[in-house]
Amino acid sequence: METLAVFASVLPEIVLTIAGLILMLVAAYAGDGSARLVSWLSVASLALAAVLLGQLAVHAGGEIFDGLYRADAFAAFAKALIFVAAAVCILVAPRFFDGEGGQRAEYPILILFACIGMAMMVSASDFITLYVGLELNSLAAYVLASFMRRDERSAEAGLKYFVLGALASGILLYGMSLLYGFSGTTNFAGVAQAIGDGLGTGELFGLVFVLSGLAFKISAVPFHMWTPDVYEGAPTPVTAFFASAPKVAALALTTRIAITAFGPGGHSWQQIIIFMALASIVLGAVAAINQPNIKRLLAYSSINNVGFALIGLAAGTAEGVAAVLSYLAIYVVMTIGSFVCVLQMKDKDGRPVETIASLSGLSRTRPGLAAAFAIFMFSLAGIPPLFGFWAKFLVFDAAVAAGLTPLAAIGIAASVIGAFYYLKVIKTIYFDKPAEGFAEERSPIDYGIITLCATVIIIGYFLNPVLGRASAAAAASLF
């Protein structure tokens, strides 16, 4: 019975693994003609995995596999966001790839395997599990970035992501080896105990290297250099995936390590997190101002938002972690909505258009799309009463409660700077002379996703009780 309980705790990962293997065989034998079927079955697998999470958050939990893996409410919360974001990125892909020669059946399968790696990452309670999950996610991501083989930008994005990702993995591995060498264990609890007995120079270096490797995965400054190029070069559905699901997984993993493995050395890791938060907010706000490409702008927006989320982590409290989780939930909705809007940007021949200038006068040619764009841009800027304002308020409130008032004050000031480039997009849409209109898209799925995301952003405050309870319970499981 105990063995059954253990495997029940990893049932979502088992479902995704079996589905990925079966669908890989279907794609191999049926070819790209099965792409639509494989996509829908992949979405169904992710939906089933998400449903199972609801049961596991209540009935399962604790460390399993001799402390290598932890099934708790924190992991369930992060996995739910990951699975939903991944499913949306599969659903919106076919219409994009139809204009590029057709979708290949491998696309949803790669996302499934990436989700398995991310699920392992957020449940890791040992550096070995962490690294296996991280690499499983990364290997799938490298292929996804270069998925359009005939597009030079996509090939370049995949190569850059692979080279810099390998470097980040090496940095992370070196940090893990230092922590193992000086603590004698790779288990998070064991590392925390060793740090609690006194943070030596070797352990401090290990801590720095591990956080540096993770900073690459969350695209925090100063390890952000790959983000604008990869986001611009990768296919837009892949960019939407990179900006949502892996971001949630990496931030959740960083949070778990900071609290459970590095907790006793709070002052040391908090200084690093505070620096990354401030640097990411400032660079994300300033560097995006003159960007002509909407995907590059959203890349810097992603860096900016990572900085705000890290403010909650810097607090080092249960309230701070709950704020991070709430921020991630709201961020996923804003990001998915924004990128699905970008997917509607196509010229009369159906080719993707990515320049901000092409949005000129969109309010007169596509008023519905213009309104959705405005909602997401205002929310990303943190303009009340939209839901994005509440996300920023939560992390600032947690920082002030933890005595980090100067950090919150700088974050608020930088958010005002960052609002400029979001407002610039809105100004282009509503006040500039109309450019050539986009091709009319008739996709109920895309329109449904945009409408749902925009509705959540507008009436999100009514969801606060549910989101607050869920994030608080998830955060409490770390403490």
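Against which helices do the buried residues of α11 pack? This is a predicted model, in which local features need pLDDT of at least 70 and side-chain atom pairs count only at pLDDT 80 or more, while totals for chains, interfaces and linings use all residues. Residues are numbered from 1 along each chain as its sequence is written, and side-chain values use heavy atoms, with hydrogens and water left out.

The buried residues of α11 pack against α7, α8 (152–183), α10 (201–217), α12 (236–261) and α14, where contact means heavy atoms within 4.5 Å. Helices here are DSSP runs of H or I with at least four residues, numbered from the N terminus. Helix α11 covers residues 226–233, and because 7 of its 8 residues are buried, this helix is largely enclosed by the rest of the structure. Buried means under 20% relative accessible area, exposed means over 50%, and partly exposed lies in between, with a 1.4 Å probe and protein chains only. The buried residues of α11 are Trp226, Thr227, Pro228, Val230, Tyr231, Glu232 and Gly233.

Asn293 is found in the loop between α13 (266–286) and α14 (294–315), and counts as buried because its relative accessibility is 9%. The side chain of Asn293 reaches the backbone nitrogen of Lys295 at 2.8 Å.

Another buried residue is Leu394, at 18% relative accessibility, which is found in helix α18 (residues 387–401). Leaving aside its neighbours within four places in sequence, Leu394 is in contact with Ala323 and Ser326, and the C-alpha atoms of Leu394 and Glu319, which are 75 residues apart along the chain, are separated by 8.8 Å.

Helix α6 (residues 106–123) is mostly covered as well, with 16 of its 18 residues buried. From its first C-alpha to its last, α6 reaches 26 Å, close to the 26 Å expected at 1.5 Å a residue, the expected span being 1.5 Å times one less than the number of residues.

On the surface, Phe7, Phe65, Leu68, Ile128 and Val132 form a nonpolar patch with about 430 Å² of accessible area together, as given by the Shrake-Rupley method with a 1.4 Å probe, in which only the protein chains shown count as cover for residues.

Technical notes:
Helices (H or I, at least four residues) and strands (E, at least two) are DSSP runs, numbered from the N terminus. A polar contact is a pair of N or O atoms within 3.5 Å; within protein, one must be able to donate a hydrogen and the other to accept it, and residues adjacent in sequence count only if both atoms are side-chain atoms. Patches are made of residues with over 30% relative accessible area and no salt bridge: like charges are joined within 9 Å, nonpolar side chains (Val, Leu, Ile, Met, Phe, Trp, Tyr) within 5 Å. A salt bridge is a side-chain nitrogen of Lys or Arg within 4 Å of a carboxyl oxygen of Asp or Glu.
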